[in-house]
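Hello,

Here is the structure I promised to pass on to you. Have a look at it first, and then read on for what turned up.

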Amino acid sequence: MSTNFTNGEANTDHESLITPLLSSRRSLVNSTSQVAIVGAHVCPIESLDYEIAENDFFKQDWRSRGKMQIFQYVLMKWLLCFLIGLIVSLIGFFNNLAVENIAGMKFVVTSNMMLAKRYGMAFLVFSVSNLILTLGIFSLRTLVIKIIGSITAVSSSLLVGKAGPMVHTGACVAALLGQGGSKRFKLTWRWLRIFKNDRDRRDLVTCGSAAGMAAAFRAPVGGVLFALEEMASWWRSALLWRSFFTTAVVAIVLRALIDFCLSGKCGLFGKGGLIMFDVYSASVTYHLIDVLPVLTLGAIGGILGSLYNFLLDKVLRIYSRINEKGVVYKILLACAISIFTSCLLFGLPWLASCQRCPSDASEACPTIGRSGNFKKFQCPPGHYNDLASLIFNTNDDSVRNLFSKNTNFEFQYPSILIFFVTCFFLSIISFGIVAPAGLFIPVIVTGASYGRFVGMLVGSHSNLDHGLYAVLGAASFLAGSMRMTVSLCVIILELTNNLLLLPLIMLVLLVSKTVADAFNSNIYDLIMNAKGFPYLETHTEPYMRQLTVGDVVRGPLQVFQGIEKVGNIVHVLSTTNHNGFPVIDEPPLSESPVLYGLILRAHVIELLKKKAFMPTPVPIGTDALNLFSAGDFSKRGSGNGDKIEDLQFTEEEMEMFLDLHPFTNASPYTVVDSMSLAKALILFREVGLRHLMVTPKISGRSPVVGILTRHDFMPGHILGLHPMLTRSRWKRLRIRAPRIFKLF
């Protein structure tokens, strides 16, 4: 999940023609190479303008700023980080408060009916309430649907998490603040418009995503590392400071709100449904003999995690075909999954035998009307249903019960095994329906049940508590599916509140990730590939070393003269969807054709709007620059950019001229056409570029060969241009392909 592209704009970058194969698959085709993988649908996603346009107008505007304006700019950055942390923490608290009360009330009402032997009515209430909550996910706007939809989806007993929606919610909050509010809802603030550029907005969105993860698990350091490891492909020290400050605000606010709820003023929240699983704060002792089962746990977790990714990828592709048929099919799919889930959650505990309450139980047994390990379900007085304690419960309470220490004899082998298999497959089929769903909690629940089962098998041959095995199982399954290491390690430590677990968690994470990497990619890459997102990997493919940038650049290339006729500009903008145009000076402006720089479509349209035209092709005067302000060229909100079709010009104006020099980025990043494609990809990704100019190595040619965008680095585009590479690449993939997946 990278923050270096957006899906809010329909225009596409200046790229080469799409391959015929992909043209036959989709009707969404233009003159650019919008491809991600062969066989996937084409996605019109583009990069943001992270690069500061160093043109004459920008330099003049920056020189005119005083010390007070610069101080205001820096202060506002920190203030926005504080606001992001405050708002996201409040949303996260409200999210958990609502989930625990809504889901808790549902389980209390159902349990009361079962105590009265009204089992049929209990199932009806349980399934209908889940169905209604599932249908509550449909809304009009992204931010609202993420908050309300996440609450209802988690409360409906679907095996989905809240971490993913919280990360997106934090990013949405940061984006809205960064662009000065929302014009659509007439919520705009002039004092925020100073940040209308993609670089500052990207930094704020990264801080928002870190705050979202911190609010989901109350893991401030883990949130920062998650943003560093998974969210941002471009990082700098200033961003580290701001994201850390943002998550610190989240941690402080949540701590204060949780302390308030512990007094019993928040309903069912605070009596078991805390954001933090503070369940393993005891001292931990382990010996060398415990290393072997931990290594085995990690290896099996890697295999299970890769299998999980494989199956989830297949299910998501099936759901994509169903969802493309219309809203009715989306609703029917969500309803079917909800009803199926309700039947499993209510029916499976009947398969488990009732257990007698332990005499030395640390809490009331059976548990009635509250969270705990001893759910009564249909059992007689003095007995409990261990499977119901796990499956007929909220996800948070299930994790807490699995993580609980000194409970080695409270769960049976069949109950844990049934719960693991149920969670494994329910989490796969629940993700992908039209609901704000996260993967962290489902993967944690599934991995914890698997780890607990391994601990029960090891039994007296290990010194480790079964609850600790559950923690390590969750870590192994997370690493096997998501392939994160450092951020996962810190998040789990913050969840369990025990630093003594660090060596074991590090060991199991490394083993699990290493094993899983031998089978397939992490779950996020698989999802983005299925959706056709042009995500740039951190590594380069071997065949990219065999190609140069000149091998993937295709035309036709549209360029502007330094002083261009208005009619030509309007024609080019109207007939192409490119967002970047080279600006070339030719005699008499220069002795020979020379590349002056790069100008963006949005900036050209702004010049046309202000009609800063000249009757003759002469350079624009300095007085004419006063017609513009920095705000005119600032970044608009997503989807709010002006279009060339909305502008009208007279025949006289079409014959006039426009000087592009003062508004052209005179120092764009350039590479020669003989540079290897792998080297260019590293430069493109590490610097966070949108356009990379390609210049000829041999003189006497046009000063610019083409423009590289992220779509030109996609494997589907490259292999479409050079089919001979497909065979060698497929041969390598077959060598890596796991034998276990050939069964499917």
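**The cysteines**

Cys354 has a relative accessible area of 29%, so this cysteine is partly exposed. Please keep in mind throughout that this is a predicted model. Cys354 is joined by a disulfide to Cys379, with an S to S distance of 2.1 Å, and the structure holds one disulfide. Which hand does the bond between Cys354 and Cys379 have? The torsion about S-S is about -95°, so the disulfide is left-handed. As for its place in the chain, Cys354 sits in the loop between helix H11 (327-347) and strand S3 (355-356), while Cys379 sits in the loop between S3 and strand S4 (383-384), so the bond ties together parts that are 25 residues apart in sequence.

Cys343 is partly exposed at 37% relative accessible area, whereas Cys423 counts as buried at 4%.

**The cores**

The largest nonpolar core has 122 residues, and those touching the most other members are Phe217, Leu439, Phe440, Leu472, Met482 and Ile505. At least three residues of this core come from each of domain 1 (7-269) and domain 2 (288-351 + 394-530). Apart from this core lies another one of 24 residues, including Val604, Ala612, Ile644 and Phe649.

What does Met482 touch, once its neighbours within four places in sequence are left aside? Its contacts are Glu230, Leu439, Phe440, Val443, Asn522, Ile523 and Tyr524. Two of these, Leu439 and Phe440, are themselves among the residues that touch the most other core members.

**A buried glycine**

Gly161 is in the loop between helix H5 (142-155) and helix H6 (163-178). With a relative accessible area of 1%, Gly161 is buried. Leaving out neighbours within four places in sequence, Gly161 is in contact with Val154, Pro436, Ala437, Gly438, Ile441 and Pro442. The C-alpha atom of Gly161 is also separated by 9.5 Å from that of Asp396, a residue 235 positions apart from Gly161 along the chain.

Is strand S7 (residues 580-585) mostly covered or mostly open? S7 is mostly covered, with six of its six residues buried. Gly580, Pro582 and Ile584 point one way, and Phe581, Val583 and Asp585 point the other way.

With strand S8 (residues 594-600), S7 pairs in the antiparallel sense over six bridges. In that pairing, Phe581 stands opposite Ile599 of S8.

Strand S11 (residues 692-695) is joined to S12 in the antiparallel sense by three bridges, and Leu692 stands opposite Leu708 in S12.

How values were computed. Residues numbered from 1 in each chain as written. Predicted model: local features only at pLDDT ≥ 70, side-chain atom pairs only at ≥ 80, totals over all residues. Heavy atoms only, no water. Buried < 20%, exposed > 50% of the residue type's maximum accessible area, 1.4 Å probe, protein only. Helix = DSSP H or I, 4+ residues; strand = E, 2+ residues; numbered from the N terminus. Pairing = 2+ DSSP bridges. Disulfide = S-S within 2.5 Å. Core = buried A, V, L, I, M, F, W, Y, C linked by side-chain atoms within 4.5 Å. Domains from an automatic or database assignment. Contact = heavy atoms within 4.5 Å.
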